[in-house]
Amino acid sequence: MWFPGRDLAASMSWGALTIERRRAVRFLIGLLAFAVAVALSLPRERGQLLLPDELLRDAFLRTQVHSQPERRLAIIDIDESSLVAQGAWPWPRERIADLAETLLFHYRARGLALDILFPEPGDPVGDARLATLAMHAPLTLAVALSYEREALPVNTGHLPHGNRFVPVDAALDADGFVGNHAGFANATCVGNIGFLPDKDGALRRLPMFSRLDGVTFAHLSFALLTCSQSLGGNSVVIPPFPILQGAWRIPIRRSAEAYTVIPAAAILSRQAPAELLEGRWVIVGASALSLGDRVTTPLSSNAPGLLVHALAISALLDASEAGAWKVWSGAGLALTWASASLLFLLWVLPRVPVWVGTSLLLLSALAWVTGAFFMTAQGGVVPVVPVLAAYLVVLLLAIPYEWWLSQRESRGVLRMFSQYLSPSVVAELMRIGPDEHLQPALKEVTVLIADMEGYTVLTSSLSLVEAVELTQRFLGCLTRPILEEGGTLDKYTGDGVVAFWGAPLPCTDHADRALSAAMNILVQVQETNQQRIAAGKRPVRVRIGIESGLALVGDLGTEFRSAYTAVGDCINFASKLQETARRLPVDIVVGPKANASIKAHSLTSIGMVEVRGAGQALELFTPVNTVKSST
């Protein structure tokens, strides 16, 4: 259905016929970008992020951890120096019992966990002492569960009774174990030291609760802090927290330098300062390279396994003291940011130059990475890559699309305006953007209309070739001065021209420019006449009318063809002034409004002249000391 004014409105903006199509393309690009963000944000196995996200988060953590001393925990390290002082591994079971008793009774450790397995019996006395401690003292032994889903799962040693206080519904299923021998079957506290590395081999998550053959186990860190309740000691209340399939991302806040690390040999010789151990939670393990307990963590590619347990214990203690967890998921925030920023970018890209849009896209990406950095510092697990991937879609599709559209429009504008304007004016329009100048608007302009007097009589005696040559040469005399003065060439009228100043680019001296162009036209016509006279041909005369006023200027074409033109009374009046010059002894006739605006030229009054259609005589003007276009 046709509506009045619809075609005109459609023609008023460049490429308006494809507006809906452009919007559809932008919508599809935005939808694709958001779909990519959603797809990459979907939960993965054991709560992992994409590997690039994990690596980026690791980098964030390495810059955010602090080294303030962790005074609630101490690490007893069976290091190389301890092996030199006490002998090669494995140590006699009695020496391990000495180490445990010294820590619990001499140094008054609050609780002790052994990151050591005893799958085979040792010396009976040492085993008996350790078994007694495991039954009656706050000593947590270890069991290593396996999650590899192997065809022949490992089952070594004795599977202990597990932990009665573990929420069974949060447990991760294990398929094998390496436990202590049957002599430790009655140990009160047993914790799992089995690791669950990510696909790149790094340990970022721990199986906090695990289940094997109907028996449920807590991780060594959790068992250490909660086992004292079973032994009549002070318990640590750990607030509830969500477990995704039993895998728990360790909230890393401290560097390795934050922990008190004491060689095991210094404990056995009782040379360690008591204040470093009294009232602290203690974990015993090995960092000696010869024992092979080395893992990759977000902080280091070659960290002792002890550090992972220490980080877990610190995180559990932090949550206990705060009464809540400071770890939270940023997946929803990432999708919210992605949707909001994509809407903004797709709205702004068509409205700004391509380089500005690209800069805004890059700034959005930088802002998101920066925000993710600070959110990580506040405990957020933020997927960065999905949002960046969405931006990549915009960079690869939306930016080239907008560039292609801008080039298409630029070529169209160039084609249209190059018919009307000088190259310098076209270049300026392209620099500032032509859109607003194409929209029809009322503007103050000065119009110049020039015509050859007696064209029909003159060309009737000429051959077609001669008539064409004369017309083209004459129109060249009219056009060059107009473009040199920055005028807009509206149209040719057979043997004449219509031009105006003041649009598309505004200028305050449009009347002076029009008159300068008119005077230069007379000079070029005079030069042409001199050549014609020398060739034995008749000279030609040009008549020029100039007037100022308001006109509707812009793309006033149709859906079939664009046409940048001006419509208004001043155009009609300039045409009548040009006709009036036929019966006047001057070639340039300036109307009263243009005369009032001209500052750079001197004009003289022609007198009161009757102008067709004016209804009364008007005072008209012409410039002083102008050449004659004809002889």
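This is a predicted model: local features need pLDDT of at least 70, side-chain atom pairs count only at pLDDT 80 or more; totals for chains, interfaces and linings use all residues.
At 48% relative accessibility, Arg-270 counts as partly exposed, because the exposed class begins only over 50%. Its phi is near 55 degrees, a positive value in a residue other than glycine. From there the tour moves on to backbone details, aromatic rings, the nonpolar core, cavities and cysteines.

**Backbone details**

- Arg-270 sits in the loop between H8 and S13.
- Asp-213 is not a glycine either, yet it has a positive phi of about 55 degrees.
- You will find Asp-213 in the loop between S9 and S10, and with a relative accessible area of 64% Asp-213 is exposed, because that value is over 50%.
- The peptide bond running from Trp-89 to Pro-90 is cis, and its omega is near 5 degrees.
- Pro-90 belongs to the loop between helix H4 (80–86) and H5.
- Ala-503 and Pro-504 are also joined by a cis peptide bond, with omega about 5 degrees.
- The loop that holds Pro-504 runs between strand S20 (496–501) and helix H17 (510–534).

**Aromatic rings**

- A pair of aromatic rings is described by the distance of the centres and the angle of the planes.
- Searching the whole structure gives eight aromatic pairs.
- One of them joins Trp-89 and Trp-91, whose rings are 5.6 Å apart centre to centre with 50 degrees between the planes, a tilted arrangement.
- Trp-89 is partly exposed at a relative accessible area of 30%, whereas Trp-91 is buried at 5%.
- In the pair of Phe-209 and Phe-222, the ring centres are 5.0 Å apart and the planes stand at 80 degrees, so this pair is edge-to-face.
- Phe-209 lies in strand S9 (residues 209–212) and Phe-222 in helix H7 (residues 220–230), so their pair ties together parts that are 13 residues apart in sequence.
- Both Phe-209 and Phe-222 are buried.
- Phe-60, Phe-373 and Phe-374 form one aromatic cluster.

**Nonpolar core**

- In soluble globular proteins, nonpolar side chains tend to be buried together.
- Here the largest nonpolar core has 49 residues, and Ile-76, Leu-277 and Val-284 are the ones with the most contacts inside it.
- Elements that give two or more residues to this core include strand S1 (70–78), helix H6 (124–136), strand S3 (139–146) and strand S13 (281–286).
- Helix H5 (93–106) is also among those elements, and H5 supplies the largest share of this core, six residues.

**Cavities**

- The count comes to four cavities of 30 Å³ or more.
- The largest cavity holds about 60 Å³ of space.
- Its lining consists of Leu-141, His-158, Pro-160, Asn-180, His-181, Phe-184, Ala-185, Ala-187 and Val-190.
- By type, the lining of the largest cavity divides into six nonpolar residues, three polar and no charged.

**Cysteines**

- How many disulfides does the count give? The count comes to zero.
- Cys-507 is partly exposed at 24% relative accessibility, while Cys-570 is buried at 5%.

Conventions
Residues are numbered from 1 along each chain as its sequence is written. Side-chain values use heavy atoms; hydrogens and water are left out. Rings of Phe, Tyr and Trp (its six-membered ring) pair if their centres lie within 6.5 Å; planes under 30 degrees apart count as stacked, over 60 as edge-to-face and the rest as tilted. Buried means under 20% relative accessible area, exposed over 50%, partly exposed in between (1.4 Å probe, protein chains only). Helices (H or I, at least four residues) and strands (E, at least two) are DSSP runs, numbered from the N terminus. On a 1 Å grid over the protein atoms alone, a cavity is a set of points where a 1.4 Å probe fits but cannot get out, and a pocket is an open set with protein on both sides within 12 Å along at least five of seven lines; lining residues have an atom within 4 Å of a point. Grid points are joined across faces, edges and corners, and a volume is the space filled by probe spheres set on the points. Ala, Val, Leu, Ile, Met, Phe, Trp, Tyr, Cys and Pro count as nonpolar, Asp, Glu, Lys and Arg as charged, and the others, Gly among them, as polar. A disulfide is a pair of cysteine sulfur atoms within 2.5 Å. A nonpolar core is a set of buried Ala, Val, Leu, Ile, Met, Phe, Trp, Tyr and Cys residues joined through side-chain atoms within 4.5 Å.
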